[in-house]
Amino acid sequence: MDTLILNENEADKAAEIIKSGGVVGIPTETVYGLAANAFDPNAIKKIFLAKGRPADNPLIVHISKTEDVFKVVSEFNKKAEILAKNFWPGPLTMILPKNKQVPKIVTAGADSVAVRFPSHVVARKIIELSGVPLVAPSANLSGKPSTTRFSHVLEDLNGKVDAIINGGDCKFGVESTVISLLESTPRILRPGAITPEQIEKVIGKIKIDDSVFHKIEKDKSVLSPGIKYKHYSPDAEVIILKGEKEDYADFVNKTNIKRNDVLALCFDEDIPLIDAPYISYGSKKDSLSQAHNIFDGLRKADKMGAKAVYVHYCDTDGLSLAVYNRLIRAAGFKIIDLKNKT
Ligand code: TXA
Ligand code: MG
């Protein structure tokens with residue numbers, strides 16, 4: 001299939017394609033999304049096919065004004081209202097009870113639906129002009145790092161979708177925070193640009209699901225089906241190294257002498273000490289730039305021919321929690337603590 005490349009001023013063309021049952025790669029403030037009409041099961045099937053996405057992994061529905069939430073949910077409680085007031089439009093997805101209009105394919109058969117109101121101007125325009133809520137998973141091949149640059153979307157989906165909009169680089173670079181409001185204490189299922197600290201400030205106590213930090217047993221039932229799949233993985237093996245910059249650099253340099261196929265995915269502060277190919281994902285102190293660069297770094301590592309990518313461990317608070325969560329998944333939970341290494 002020929003994929004039409006559109007620019008940011010062509011939201012109307014993107015909406016026309018969506019209205020006639022097509023799928024379009026669109027920029028958002030988090031990552032690129034692959035959008036289709038949320039009420040058109042045939043169009044949604046094309047998304048699963050283009051991504052190679054397992055059918056039991058549900059999709060997020062995107063709206064362009066808060067009141068449109070009622071097009072897909074049956075209940076919008078007080079906490080949801082407060083969250084919407086504070087963080088919509090923006091990178092927050094709420095899991096709420098679904099209404100009967102939402103097709104099964106969207107929620108993978110579940111009674112709940114994920115909803116988000118993005119802040120990206122072009123994304124909002126496309127939703128508005130389409131006249132319906134849009135489903136949009138991240139616009140990457142299933143299992144690969146999410147796409148945060150136009151070039152990433154081309155790499156994964158050119159020839160597989162009807163159109164892609166060139167919207168430049170995504171602002172945040174990690175996907176939205178996913179919070180479930182199905183229990184009395186809301187629960188974060190996926191950390192993102194809206195932090196647990198920000199959320200607790202407005203609705204009080206929340207839980208962070210275990211799966212944010214730990215590997216989930218294969219057969220255990222999970223609240224967010226996406227969690228059980230291999231995620232964000234480049235072809236190279238990814239290993240996280242926890243330790244001071246001197247110990248990190250020493251480990252990378254020594255391993256590279258032995259194998260010569262190593263890449264350091266490091267902080268700016270590590271660069272002077274590294275004697276191997278490297279990519280910096282930002283300053284150790286700058287979680288915004290780490291989020292912005294992390295998926296690009298994982299993708300570039302493959303391009304540079306690395307077989308092993310040693311990532312320098314980042315913090316786990318604020319926005320860093322989102323970066324850490326993506327890294328441990330890319331690494332298949334392999335972390336080496338250099339301090340306790342014998
Ligand atoms: O920032 C984002 O959220 C991006 C942009 C494009 O909006 N979208 C995105 O979609 O990250 P996706 O499909 O890559 O990730 C959606 C996550 C998956 O982990 C999925 O399992 C979870 O949300 N999810 C969707 N519906 C759910 C539901 N009803 N209950 C629990 N988890 C759900
Ligand atoms: Mg995804």
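**Figure 1. Two domains of the protein chain.** The domain assignment gives domain 1 (4–78 + 93–172) and domain 2 (237–337). These bounds come from an automatic or database domain assignment. This is a predicted model, in which local features need pLDDT of at least 70, side-chain atom pairs count only at pLDDT 80 or more, and totals for chains, interfaces and linings use all residues. Residues are numbered from 1 along each chain as its sequence is written, chains are lettered from A and ligands numbered from 1 in the order in which they are written, and side-chain values use heavy atoms, with hydrogens and water left out. The centres of domain 1 and domain 2, taken over C-alpha atoms, are 30 Å apart. Their contact (heavy atoms within 4.5 Å) draws 15 residues from domain 1 and nine residues from domain 2.

**Figure 2. The area buried between domain 1 and domain 2.** The size of an interface is often given as the accessible area lost when the parts come together. Here about 980 Å² is buried between domain 1 and domain 2. Buried area is the accessible area (1.4 Å probe) that two parts lose on being put together, summed over both. Carbon and sulfur atoms give 46% of that area. Which residues of domain 1 lose the most area to domain 2? They are Pro-145, Arg-149 and Phe-172, and together they make up 47% of what that side buries.

Figure 3. Side chains of opposite charge can pair when their charged atoms come close. Four salt bridges are counted between domain 1 and domain 2. A salt bridge is a side-chain nitrogen of Lys or Arg within 4 Å of a carboxyl oxygen of Asp or Glu. Asp-296 and Arg-149 meet in a salt bridge through their side chains, at 3.9 Å from N to O. The side of domain 1 that touches domain 2 has four nonpolar, five polar and six charged residues. In these classes, Ala, Val, Leu, Ile, Met, Phe, Trp, Tyr, Cys and Pro count as nonpolar, Asp, Glu, Lys and Arg as charged, and the others, Gly among them, as polar.

**Figure 4. Lys-303 and Glu-155.** The salt-bridge count comes to 21. One of these pairs Lys-303 with Glu-155, their closest N and O atoms being 2.5 Å apart. The pair links distant parts of the chain, 148 residues apart: Lys-303 is in helix α9 (residues 287–303) and Glu-155 in helix α6 (residues 150–157). Helices (H or I, at least four residues) and strands (E, at least two) are DSSP runs, numbered from the N terminus. Is Lys-303 buried or exposed? Lys-303 is exposed, with a relative accessible area of 58%. Glu-155 is partly exposed, at 39%. By the cut-offs, buried means under 20% relative accessible area, exposed over 50%, and partly exposed in between (1.4 Å probe, protein chains only).

**Figure 5. The surroundings of Arg-326.** Arg-326 sits in helix α10 (residues 320–330). Its relative accessibility is 0%, so Arg-326 counts as buried. Glu-175 forms a salt bridge with Arg-326, with the closest N and O atoms 2.7 Å apart. Glu-175 lies in the loop between β8 (163–166) and β9 (177–180), so the pair ties together parts that are 151 residues apart in sequence. Glu-175 also counts as buried, at 4% relative accessibility. The side chain of Arg-326 reaches the backbone oxygen of Pro-191 at 2.8 Å. Leaving aside residues up to four places away in sequence, Arg-326 touches several residues, including Val-174, Tyr-232 and Phe-295.

Figure 6. Asp-209 and Arg-187 form a salt bridge, the closest N and O atoms being 2.9 Å apart. Asp-209 lies in the loop between β11 (207–208) and β12 (237–242), and Arg-187 in strand β10 (residues 187–190). Both Asp-209 and Arg-187 are buried. Elsewhere, salt bridges that share partners join Arg-149, Asp-169, Asp-296 and Lys-300 into one network.

**Figure 7. Leu-321 in helix α10.** Leu-321 is found in helix α10. Leu-321 is buried, with a relative accessible area of 3%. Among the residues Leu-321 touches, not counting those up to four places away in sequence, are Pro-191, Ile-208 and Phe-213.

Methods:
A polar contact is a pair of N or O atoms within 3.5 Å; within protein, one must be able to donate a hydrogen and the other to accept it, and residues adjacent in sequence count only if both atoms are side-chain atoms.
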